[in-house]
Amino acid sequence: MIQLYETGVYLVHGTELIADDAQALQAISAKTGKKTDKKEAAKGTIAYHILKKHNTSDNMDKLKIQFDKLTSHDITFVGIIQTARASGLTKFPMPYVLTNCHNSLCAVGGTINEDDHMFGLTCAKRYGGVYVPPHQAVIHQYAREMLAGGGKMILGSDSHTRYGALGTMAMGEGGPELVKQLLNQTYDINMPKVVAVYLEGAPVKGVGPQDVALAVIGAVFQNGYVKNKVMEFVGPGVASLSADFRIGIDVMTTETTCLSSIWKTDETIKEFYDVHGRSEEFAQLDPDQIAYYDGCIRIDLSKIKPMIAMPFHPSNTYTIEELNENLMDILEDCEKKALVSLDGAVNFTLKDKVKNGKLYVEQGIIAGCAGGGFENICAAADILENTSIGPDAFTLSVYPASMPIYMELVKNGCAAKLMQTGAVLKTAFCGPCFGAGDTPANNALSIRHSTRNFPNREGSKLQSGQIASVALMDARSIAATAANKGYLTPATEFDGNFAKYQYFFDKKIYENRVFDSKGIADESVEIQFGPNIKDWPAMVALPDNLMLKVVSEIHDPVTTTDELIPSGETSSYRSNPLGLAEFTLSRKDPDYVRLAKEIQAVEQARQEQTCPVQKFPELEAAWATMKTITPNADRYNTGIGSTIFAVKPGDGSAREQAASCQKVLGGWANIANEYATKRYRSNLINWGMLPFLIEEGDLPFKKLDYLYIPGIRKAVEEKADTITAYVVGKDQKIEFEMTLGELTDEERQIILKGCLINYNRI
């Protein structure tokens with residue numbers, strides 16, 4: 001079904017794979033009549049050509065990328081624009097689209113969310129952007145319909161910014177990286193490795209894009225096969241997939257932890273652009289006659305079966321057939337894994353979902369950038385036609401990804417087919433994906449064609465004893481399960497026929513509702529603020545030395561950004577840095593905020609010189625030990641703050657709040673064995689936080705210990721290979737070493753000045 005190559009591969013004529021071994025170059029020469037080498041062949045990928053076109057440096061190993069377009073949604077655009085405004089923004093220098101698909105609903109008892117929407121509209125007018133009102137489209141569907149272009153690059157502040165199927169290399173990053181683009185700075189990365197995703201065959205009836213995506217995620221997430229690399233989809237199997245099918249696979253590549261994705265394009269993609277009235281944006285993209293890839297994922301599409309990702313990660317995958325055959329064993333394994341994810345905070349079980357030997361689920365959701373596509377919903381309608389979801393606990397909600405898709409479903413009758421069964425159609429909204437819509441009942445199990453099933457994404461509040469869980473599936477198998485009244489059923493058991501529906505895109509919907517400045521800024525427009533939109537607090541430069549208290553210690557194999565700063569209802573405070581920070585780690589380590597604030601108060605007193613730091617009792621022993629290491633260290637050159645340790649933090653969302661919330665509470669660093677994603681590490685750096693790395697093994701410190709890092713400013717300035725630190729306190733002085741990993745000169749300056757805002761302001 002899926003084969004991972006242990007070596008790099010050469011792709012010849014776009015169809016033939018040759019493993020990188022001693023005979024590879026000789027075989028290529030015989031087939032093509034050309035001589036090449038690995039370095040030259042690596043320039044033959046689609047990814048290389050696009051990156052070269054957008055690189056502003058003269059070095060293809062050290063890229064400085066300028067993107068063609070930017071896009072954000074209403075959890076991120078307020079903070080981005082506020083940061084850019086603080087740094088001197090006068091006009092958006094490129095097309096920047098502000099969508100409103102996450103906090104679409106007004107906050108209960110207030111207008112927190114709608115205030116932010118009006119902030120976005122007035123900023124689009126003042127700075128020359130595009131504003132998409134709530135319920136019109138989810139961010140990525142609007143980008144597919146209106147922004148993507150062959151050979152272009154788009155940067156978005158949502159982690160699922162992926163438009164590779166349409167020939168657009170897109171990346172999801174934290175907001176500060178968009179700020180850099182708004183200030184005409186660059187996105188700086190090393191030339192990424194490129195992995196071929198070689199498709200052959202065609203999917204069988206009942207298998208959808210989520211099935212393929214989950215199979216890939218299950219194969220590559222744990223081993224890091226594509227981490228921070230570009231996935232390039234090639235091979236004869238691409239031609240067997242519709243544009244919607246490719247898009248559905250592509251958007252889920254984020255869950256592999258890859259950097260970006262790109263696909264070869266063909267007449268199918270040309271037709272997509274034609275249908276959307278943007279034929280000029282199509283570009284034929286193919287790898288060169290000879291292209292070298294740093295790895296290869298070979299997929300026989302005909303062997304993919306309906307899949308399910310069990311709680312609490314998209315990589316926790318099984319075929320539905322396998323799950324049904326080994327139901328109790330797999331459910332018990334999931335419960336054991338949950339003990340790690342949930343820290344034993346609640347009693348969690350899945351085995352009670354088994355009724356008469358079958359798994360019963362209480363909820364089905366087809367939604368968002370992954371599930372809300374036209375073909376997914378039409379297929380679900382065909383499966384459910386003339387059936388009923390039943391009058392019991394099971395419910396089914398369907399969210400078309402844009403209003404144009406919704407209109408077509410009404411026109412072609414699929415909306416009626418679904419509603420007749422008892423399903424509910426709702427407007428474009430990302431809420432079910434991040435915990436702000438269709439929250440299940442306590443202990444309920446939801447199956448969703450959406451992007452993630454992390455703990456808390458479905459709205460659980462462990463601190464309140466509330467837990468629910470999500471499994472990811474394709475829309476087709478969700479519909480088959482709905483037709484079976486909530487009992488888990490793969491869509492391959494559907495014995496009816498899938499109709500061929502033609503899609504007609506009506507651009508009038510957007511013309512009548514979306515504000516498009518056409519790139520013209522109007523300085524006369526006054527930005528509309530709400531009472532919950534606050535400026536960033538002042539942040540100081542990196543001091544000579546640091547005294548850090550370890551205020552959280554997390555030993556889960558992976559820590560998601562949702563655990564660092566919960567999504568869902570907390571996102572109403574996304575435009576209020578201090579307000580949102582109150583929720584930091586609230587569902588993972590409820591002591592964090594209190595402990596961080598306690599040590600932050602010491603730092604504030606140090607900065608204000610209102611009280612000698614030695615007068616804080618718990619710090620007294622650490623301060624005394626510090627003096628034995630560096631006698632010249634004092635309150636004027638030694639900063640005081642907090643840090644957390646996590647094994648592998650930062651999987652998931654691009655939201656910079658996962659880092660900024662720690663920063664505004666006095667955080668100076670993270671310490672990790674590795675960082676789950678490039679974007680989370682970048683968020684730390686852009687908020688002036690040190691991304692320390694420490695070797696795996698027994699930690700020299702524990703929660704509540706003080707760590708003293710002498711000469712940290714000098715170490716950053718001089719690009720020290722290792723950082724010497726000490727565990728300091730009463731009767732202890734334990735020396736250990738950390739590193740910072742590779743940092744660009746600009747990243748060093750951002751850290752030295754305290755954050756990206758300071759870097760641009762000073």
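Let me start with helix H1, residues 24–32, which in this predicted model lies across strands E2, E3 and E14 and runs at about 150 degrees to E3.

The three strands under discussion form an open sheet in the order E3-E2-E14, and their pairing is antiparallel. The edges of that sheet are taken by strand E3, residues 16–19, and strand E14, residues 290–293, and because each of them has a single partner strand, one side of each is left without a neighbour in the sheet. If we ignore direction, neighbouring strands here are turned against each other by 25 degrees on average.

Let me turn to a pair of helices. How far apart are the axes of H4 and H7, and at what angle do these helices pack? Helix H4, residues 77–86, and helix H7, residues 175–182, have their axes 9 Å apart and pack at an angle of about 45 degrees, and the two helices are therefore oblique to each other. The crossing in which H4 passes H7 is right-handed.

As for the residues that meet there, H4 brings Ile80, Thr83 and Ala84, while H7 brings Gly175, Leu178, Val179 and Leu182. Sorted by class, this contact of H4 with H7 has five nonpolar residues and two polar ones, with no charged residues.

Key:
Residues are numbered from 1 along each chain as its sequence is written. This is a predicted model: local features need pLDDT of at least 70, side-chain atom pairs count only at pLDDT 80 or more; totals for chains, interfaces and linings use all residues. Side-chain values use heavy atoms; hydrogens and water are left out. Axes are lines fitted to C-alpha atoms, for helices over the stretch in contact, and angles run from 0 to 180 degrees between N-to-C directions. Helices (H or I, at least four residues) and strands (E, at least two) are DSSP runs, numbered from the N terminus. Angles under 35 degrees count as roughly parallel, over 145 as roughly antiparallel, 65 to 115 as roughly perpendicular and the rest as oblique. A crossing is left-handed if the near helix is turned anticlockwise from the far one by less than a right angle, and right-handed if clockwise. Contact means heavy atoms within 4.5 Å. Ala, Val, Leu, Ile, Met, Phe, Trp, Tyr, Cys and Pro count as nonpolar, Asp, Glu, Lys and Arg as charged, and the others, Gly among them, as polar. Two strands pair if DSSP finds at least two bridges between them.
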